[in-house]
Amino acid sequence: MKLKTILSGLLAAALSGLTASACLVQVRVACPNDTTASGITVCIAGSITGCALTDNLGIVSILVPAVGNYTVCVDSSTLPAGATLKPNCKNINVLTEDTTYVDLTLGGNFCSTPPPPGPCWLTGGGTLGKGKTPDFSFGGVVYPGCSPKAAEGGNWNVISHADGLHFQGQAIVVDSCSGVSTKSPKVNVNIIDFHGTGILSGIGGNPADTIPVTFVARAVDNLDGGGGSDLLFLSVVAAFDGNAVVLQIGNSAADPAVISTGNLQIHTSSCGK
């Protein structure tokens, strides 16, 4: 899955005044280990918006007038110290009015050190358990768009089918983003730890009252299309009794459960903006 960026107001305004044939080209300049830099100049000959500078994710978005062949070039004088790019131009073929994605790979000593972990956010959904009815179904978003303020940090839902319980994480705080780089999409972390408060309710004939709860969780994004690979830990505790675990997935944050279907997707797009 490729990274997507929100167009700046200037670019959005330019786009609104163009004919329907205009096409968007998104270019990312980064090392194989995902190290990148802002301020790298990228140009496309014959484009509408001309040259642009990479953001902190190494991304620029440039408009071209129509489908066709173009040449994407990087101004080598704007590369960060120790970075190389050979060749510094790449021929591309824009075939659609939808976004065309282009990757330009940096080399040199600049790429020898992986980038430090930074902020991240999470989307996901799926099941655990391989029976006719899964043990658990889960889904939600944590820090949507990398914003801790959006929807009180997001929402995370889990249904325990065997117990007839529905957990809703309603106020969420991300504690850390860590792990290793992945390409699903290109990010420099694959683990997100978060906690928060919410409610637990009985469903499907379970008469249990709705109670306030607290929770801690960890999601591990190992693979795009994470069924059988991605990992999830969740421990939900009754707010009135800190020792009473009322729902749990996995043994601990160090020993989470493997999801059976679905995907856990960690993102860094929009972070730091």
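**Close-ups of the disulfides and a buried glutamine**

**View 1. The C73–C89 link is right-handed, with 110° about the S-S bond.** It ties together distant parts of the chain, C73 in strand β5 and C89 in strand β6, 16 residues apart. The S to S distance is 2.0 Å (a disulfide here is a pair of cysteine sulfur atoms within 2.5 Å; strands are DSSP E runs of at least two residues, numbered from the N terminus). This is a predicted model, where local features need pLDDT of at least 70, side-chain atom pairs count only at pLDDT 80 or more, and totals for chains, interfaces and linings use all residues. Residues are numbered from 1 along each chain as its sequence is written, and side-chain values use heavy atoms, without hydrogens and water. C73 is partly exposed at 23% relative accessible area, and so is C89 at 32% (buried is under 20%, exposed over 50%, partly exposed in between, with a 1.4 Å probe on protein chains only).

**View 2. C120 and C177 form a left-handed disulfide.** Its S-S torsion is about -90°. C120 sits in the loop between β7 and β8, while C177 belongs to strand β11, 57 residues apart. Both ends are tucked away: C120 is buried at 2%, and C177 is buried at 12%.

**View 3. C23 is in no disulfide.** The nearest cysteine sulfur, that of C51, is 19 Å away. C23 is buried, with a relative accessible area of 0%.

**View 4. Q265, in strand β19, is buried at 3%.** Its side chain makes polar contacts with the side chains of D221 (3.4 Å) and N263 (2.9 Å). A polar contact is a pair of N or O atoms within 3.5 Å; within protein, one must be able to donate a hydrogen and the other to accept it, and sequence-adjacent residues count only if both atoms are side-chain atoms.

Terms used
Helices (H or I, at least four residues) and strands (E, at least two) are DSSP runs, numbered from the N terminus.
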